[in-house]
Amino acid sequence: MAPVIEVRNLSFSYDDKKVIEDLSFQMNARDFVGLIGSNGAGKTTLLKTLVGLLKPTSGELLLFGKPIRQFDEWSRIGYVPQKNALNPLFPATVREVVLSGLYGKRKLYRRITAEDRQRCDDALYAMQIADLADRRIGQLSGGQQQRAFLARALVGNPELLILDEPTVGIDAETQRSFFSMLRHMHAHHNIAFLMVSHDVDMMRAYLGDSPAATSGKLKFYVKSMDGAASCRETDLTHALKDWPGASEPIPAYQ
Ligand SMILES: Nc1ncnc2c1ncn2[C@@H]1O[C@H](COP(=O)(O)OP(=O)(O)OP(=O)(O)O)[C@@H](O)[C@H]1O
């Protein structure tokens, strides 16, 4: 199977400011990659090049074995950008935000099918925000908004989930339960994770003490799930059935 991400000798500059220099790394299906680096190290810049928002200055970037120029299966990738404070007047409801994760540019005007609604309900349920579905997202707490954005990224059943500091602005207790939720998802879903975090202790506790790769100020910590029983079914509710003690609630995440 082709690596999920393959980066070869990638460099990126904003005008003449070099931010990423000659970076090479790869991640495989079901890997959990933690990306750690000081402020300004280029973490967000790297994630943006990986999802096609920025074009590398030089080097090669392959997604699921395809050069990014030819890659068009964006539904295989979920992306949660760095958190921005949402204007409380932002009018979309949580359900609308989550559903928008199903529409690529080309599908923008297609009708919402019963299947779309079911997927949306599953994602809301998985993130335990079903009761917030009809609330305006701008009126939710930061942690609730993050859950909604995560549901949006998950609704298309991605094989790769890219998270840019998903717990910024969230209290320590909630960060811990969020992280344990990710660990459960890593164990039971067929998803690879690439996550930027400043929480070095939490990342190291799961991913080990030594980085698998280093480039400039960027450090990549990796935990593979090779050989773990892979579920054939990928829908979120199925994954929840695998939760230890199916009736046990998902760790609270406010
Ligand atoms: N649009 C831009 N134009 C010019 N320079 C930029 C732009 N965005 C970021 N930079 C610069 O590029 C460098 C890398 O920024 P980036 O946001 O990728 O860092 P980061 O590792 O994600 O940092 P942080 O931990 O603070 O989020 C920084 O020096 C930043 O000032």
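pLDDT is the predictor's confidence in each residue, on a scale from 0 to 100. Across the protein chain the mean pLDDT is 83, with 84% of the residues reaching 70 or more. For the complex, the predictor reports an ipTM of 0.97 together with a pTM of 0.85.

Strand β4, residues 58-63, has the highest value, at 97, while helix α7, residues 236-241, has the lowest, at a mean of 50. Over residues 241-254 the pLDDT stays under 50, and the model has 23 contacts beyond four places in sequence for this stretch. Where pLDDT is low, the predicted coordinates should not be read in detail.

Turning to the ligand, the residues around it are Y14, K17, V19, G37, N39, G40, A41, G42, K43, T44 and T45. Two or more of these shell residues come from each of β2 (17-27) and α1 (43-50). Helix α1 provides the largest share, three residues. By residue type, the shell around the ligand consists of six polar, three nonpolar and two charged residues.

Notes
Residues numbered from 1 in each chain as written. Predicted model: local features only at pLDDT ≥ 70, side-chain atom pairs only at ≥ 80, totals over all residues. Near = placed C-beta within 6 Å. Helix = DSSP H or I, 4+ residues; strand = E, 2+ residues; numbered from the N terminus. Nonpolar A, V, L, I, M, F, W, Y, C, P; charged D, E, K, R; others polar. Contact = placed C-beta atoms within 7 Å.
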